[in-house]
Amino acid sequence: MKHEIIDTVLNVSDTDITFDGIYEKPYIPIEYMADIKKANLLIIPNEGFRDEGDVLFPETTREFFDFIKETAGDDVIVDIAVSDEDFQCIELHSAAIEVATIIVESALFSIAINLVSSFLYDLIKKYHRKAEDTSAKVKIITEETDKKKTKMITYEGPVSGVKDTLDQVAKDLFSKDKV
């Protein structure tokens, strides 16, 4: 079955979402706060999906978390910003693969891009799909820890375009800061 992909949508914007702000969210389990604060790549839920207070993750979140733990190097410390008891997935039965939203330290942004891209390629291989015929939804928040400045990068388009598009975003974002 071929899924037609009409457009690629890329949005890069300033955001007020920070690691510190996430630590104050009511869904963060106090008993795991010390571990969660160690993470430099944190998987965060979508809030208020249908009802006020909903805290939900895309259906591939556990696979994504396990993939990062298995494939990322020692530099990446990953965690999920919710307790196991409160973890809830939403299955939208969409043709698009939605990757869980992550917030990452800017120094690891390129690594995060590689992890997301590799995860998507593994999934489409598992589903016997083609990268150019499968849509993906990716949201990455990158924080410059010293400046507490964050950007939200949202990509919707073919899996085949994720890596190149996000690599270009990284180049554009971080080359401006060096000038």
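Predicted model: local features only at pLDDT ≥ 70, side-chain atom pairs only at ≥ 80, totals over all residues.
Buried here means under 20% relative accessible area, exposed means over 50%, and partly exposed is what lies in between, using a 1.4 Å probe on protein chains only. Residues are numbered from 1 along each chain as its sequence is written, and side-chain values use heavy atoms, leaving out hydrogens and water.

- Helices (H or I, at least four residues) and strands (E, at least two) are DSSP runs, numbered from the N terminus.
- Strand 8 (residues 101-105) has four of its five residues buried, so the rest of the structure largely encloses it.
- Strands pair if DSSP finds at least two bridges between them; strand 8 pairs with strand 2 (residues 41-44) in the antiparallel sense over four bridges, with Ile43 opposite Ile102.
- Strand 8 also pairs with strand 9 (residues 135-144), this time in the parallel sense over four bridges, and Ile103 has Ile141 as its bridge partner there.

**Helix 3**

- In helix 3 (residues 61-71), the buried residues are Thr61, Phe64, Phe65, Phe67 and Ile68.
- Those residues cover an arc of only 160° around the axis (taken from the directions from the helix axis to the C-beta atoms), which puts them on the same side of helix 3.
- Over on the other side of helix 3, Lys69 and Glu70 are exposed.
- The buried residues of helix 3 pack against strand 2, strand 4 (55-58), strand 5 (78-80), strand 8 and helix 4, where contact means heavy atoms within 4.5 Å.

**Aromatic rings**

- Rings of Phe, Tyr and Trp (its six-membered ring) pair if their centres lie within 6.5 Å; planes under 30 degrees apart count as stacked, over 60 as edge-to-face and the rest as tilted.
- That rule gives five aromatic pairs.
- One of them is the tilted pair of Phe19 and Tyr23, 6.4 Å centre to centre with 40° between the planes.
- Both of these residues, Phe19 and Tyr23, lie in helix 1 (residues 19-23), four residues apart, about one turn of the helix.
- Phe109 and Phe174 make an edge-to-face pair, at 5.8 Å centre to centre and 65° between the planes.
- Phe109 lies in helix 4 and Phe174 in helix 5 (residues 159-178), so this pair ties together parts 65 residues apart in sequence.
- Phe64, Phe67 and Phe119 are linked into a cluster by ring pairs.
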